[in-house]
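The following exercises concern the fold and the packing of one protein chain. Each task is followed by a solution in steps.

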Amino acid sequence: MILWFSGTGNSRFVAESLSSQLGQKPLELRPSVTSAPVALDNDDRTVIWVCPVYSWGIPPYIRTVIRNIQFKVTEKHADAVVHHLVLTCGDDCGLAPEMWRKEISSRGWKDGNAYSVTMPNNYVCMSGFDVDPKDVEQQKLNSAPARIAEIAAGIKSATDDRKCHTDVIRGRFAWIKTKIIYPWFIRNAMSPKPFHYTSDCISCGRCSAVCPMRNIEMSPDAMADRSGRTRKHPLWGDNCAGCLACYHICPRHAVMYGKATRNKGQYFNPNVRTL
């Protein structure tokens with residue numbers, strides 16, 4: 001089984017590609033996934049986690065899912081299941097694989113291989129961060145299929161008695177990025193409060209529909225527009241994963257994160273169906 005979480009489609013693209021190559025069922029990690037046990041087929045010997053890197057670590061939401069998800073599987077079968085990790089990142093992932101292994105081990109599960117796939121950048125909420133130039137974006141998209149095929153082959157050839165390995169781009173200063181910058185980022189840079197809409201909002205509702213957490217409600221305005229119609233605009237709740245899908249999907253660039261996203265670019269993986 002392939003368990004995936006994605007905001008702007010990179011991890012979804014990787015998960016769906018792996019599903020096609022490995023013949024394993026993909027399952028999106030919506031919040032409801034922890035409400036009932038996830039059934040594994042009797043011949044399913046691998047669980048593959050596919051998610052983006054957040055500030056050189058595992059997204060807090062995915063860590064919560066790992067801690068709470070239950071699998072419906074026989075005791076004998078459970079001992080044979082190996083968990084693998086596939087991360088998507090714009091550049092490098094620091095010690096994110098070790099963070100994931102710690103979470104997996106805390107559940108008593110077997111951890112297997114960990115991989116990373118370089119995909120276009122989508123983080124825009126701090127100074128100095130923006131989407132990739134179009135030529136860089138396209139180069140990353142062109143290189144991804146070969147890397148995904150390499151990962152699929154590695155997972156296929158993995159055996160229970162083979163030592164697990166980590167095949168990722170860590171980058172420089174990995175310890176500092178994961179151990180110091182990641183905790184700061186989670187505490188100080190992931191609040192949904194700065195999200196707002198501008199006067200360019202056309203009430204299309206795409207931001208609400210694309211939110212994987214179902215955290216955006218289209219709320220009626222207190223005042224009608226010039227035509228006398230009451231428009232609806234996005235209202236963000238507290239259950240935000242920080243994926244930025246709402247920002248990147250907006251056709252009028254009307255979703256903003258404080259002042260940080262002014263004049264920033266937008267990106268959505270062109271190989272996945274958005275809505």
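**Exercise 1.** Determine the handedness of the β-α-β unit made by E6, helix H4 and E7.

*Solution.* Step 1: identify the elements, where helices (H or I, at least four residues) and strands (E, at least two) are DSSP runs numbered from the N terminus. Helix H4 covers residues 96–106, while strand E6 spans residues 82–89 and strand E7 residues 110–118. Step 2: apply the rule that a crossover is right-handed if, with the strands pointing away from the viewer, the path from the first strand over the helix to the second runs clockwise. The unit of E6, H4 and E7 is right-handed.

The model is a predicted one, in which local features need pLDDT of at least 70 and side-chain atom pairs count only at pLDDT 80 or more, whereas totals for chains, interfaces and linings use all residues. Residues are numbered from 1 along each chain as its sequence is written, and side-chain values use heavy atoms, with hydrogens and water left out.

**Exercise 2.** State in which sense E6 and E7 pair, and over how many bridges.

*Solution.* Step 1: two strands pair if DSSP finds at least two bridges between them. Step 2: E6 and E7 are parallel and share seven bridges; valine 86 has tyrosine 115 of E7 as its bridge partner. Step 3: E7 also runs parallel to strand E8 (residues 166–167), with two bridges joining them. Here alanine 114 is partnered by threonine 166 in E8.

**Exercise 3.** Classify the ring pair of phenylalanine 5 and tyrosine 61 as stacked, edge-to-face or tilted.

*Solution.* Step 1: rings of Phe, Tyr and Trp (its six-membered ring) pair if their centres lie within 6.5 Å; planes under 30 degrees apart count as stacked, over 60 as edge-to-face and the rest as tilted. Step 2: the centres of phenylalanine 5 and tyrosine 61 are 5.2 Å apart and the planes stand at 55 degrees, so the pair is tilted. Step 3: phenylalanine 5 lies in the loop between strand E1 (2–4) and helix H1 (10–22), and tyrosine 61 in helix H2 (residues 60–68), 56 residues apart.

**Exercise 4.** Decide whether phenylalanine 195 is buried or exposed.

*Solution.* Step 1: buried means under 20% relative accessible area, exposed over 50%, and partly exposed in between (1.4 Å probe, protein chains only). Step 2: phenylalanine 195 has a relative accessible area of 8%, so this residue is buried. Tryptophan 236, at 14%, is therefore buried as well.
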